[in-house]
Structures are given as C-alpha cells and as structure tokens.
Amino acid sequence: MTPRFRAAIALALVTLLSAAPALAQVAASKEDLHAQLASLATQIDTAKAVGSASLASLLTQYRNLSAQLGGDQPPAPGSTGSRALRVFPTPPPQCSAGTLNFAQTTPVAIPTGPA
C-alpha cells in the first residue's frame with residue numbers, strides 16, 4: 001500500500017466520521033419537524049373552533065412544513081395510527097369462532113417444461 005493511498009483512506013475515514021453527527025442531527029430534526037407539524041395541526045383545530053384571524057397564517061405554515069417533509073401529515077389527534085391492535089371481532093351469539101386448516105398431502109409431480 002502506497003503512502004498516497006493510505007493518506008486517501010485516512011482522509012475518507014476522517015470525513016466519514018466527522019459527518020456522522022450531522023447525519024444524526026438530520027434524523028432528529030425530522031422528528032422535531034413532525035412534532036411541529038402536530039403542534040400546528042392542534043393550533044389549526046383551535047383556530048377553526050374559535051374563528052381566529054391567524055388561521056390563514058397557520059395553514060400556510062402547515063402546508064410549507066408538510067411539503068418540506070414530502071407531504072407527511074400527522075395522525076389525527078386521539079387516533080392510534082398504524083399501531084392499532086388488529087384483533088378478530090367476537091362471534092355473534094349462538095355462533096362459535098372456527099378455523100380451518102387445509103393441507104394437500106397427495107404428492108403431485110411438478111412439470112419441468114416441454115419434453
């Protein structure tokens with residue numbers, strides 16, 4: 001390995017390691033932007049209920065922030081989003097929940113193509 005090659009690798013490592021904190025800040029700032037977006041959504045709901053004059057300004061901020069996040073919008077207040085439990089409903093009276101299991105135990109030849 002030549003000294004020039006070693007220097008290039010060392011420079012690449014220093015650059016990569018110095019950029020790591022900046023990458024972590026980008027991820028954190030996206031979470032902050034989502035929190036801001038949720039806060040703006042709450043403020044917009046309050047302004048709509050009160051009839052505030054600042055509604056247009058809040059909507060503009062919301063649209064700009066949403067566009068900055070690629071069109072993301074926070075879930076509605078009180079909703080659980082996609083983390084809701086998915087369970088089967090209970091069966092009606094006089095019925096029982098049933099499950100069926102199908103298995104094909106007969107051997108079947110898999111065609112290999114034209115003979």
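This report walks through a predicted model of one protein chain.

## Ground rules

The model is predicted, so to speak of local features takes a pLDDT of at least 70 and side-chain atom pairs count only at pLDDT 80 or more, while totals for chains, interfaces and linings use all residues. Residues are numbered from 1 along each chain as its sequence is written, and side-chain values use heavy atoms, with hydrogens and water left out.

## The whole chain

You'll find 2 helices and 0 strands here. Both terms refer to DSSP runs numbered from the N terminus: H or I over at least four residues for helices, E over at least two for strands.

Of the 115 residues, 10% are buried, meaning under 20% relative accessible area with a 1.4 Å probe, protein chains only. The accessible surface is about 10100 Å², and carbon and sulfur atoms hold 63% of that (Shrake-Rupley method, 1.4 Å probe).

## The nonpolar core

A nonpolar core is a set of buried Ala, Val, Leu, Ile, Met, Phe, Trp, Tyr and Cys residues joined through side-chain atoms within 4.5 Å. The largest one has 10 residues, including Leu 40, Ile 44, Ala 47 and Leu 58. Helix 1 (3-50) and helix 2 each supply at least two of its residues, with helix 1 giving the most, 6 residues.

Look at Leu 58: leaving aside neighbours within four places in sequence, Leu 58 is in contact (heavy atoms within 4.5 Å) with Leu 40, Gln 43, Ile 44 and Ala 47.

## A buried serine

Ser 66 sits in helix 2 (residues 55-68). Why does Ser 66 count as buried? Because its relative accessibility is 6%. Beyond its neighbours within four places in sequence, Ser 66 is in contact with Leu 37, Gly 71, Asp 72 and Gln 73.

Methods. Buried < 20%, exposed > 50% of the residue type's maximum accessible area, 1.4 Å probe, protein only.
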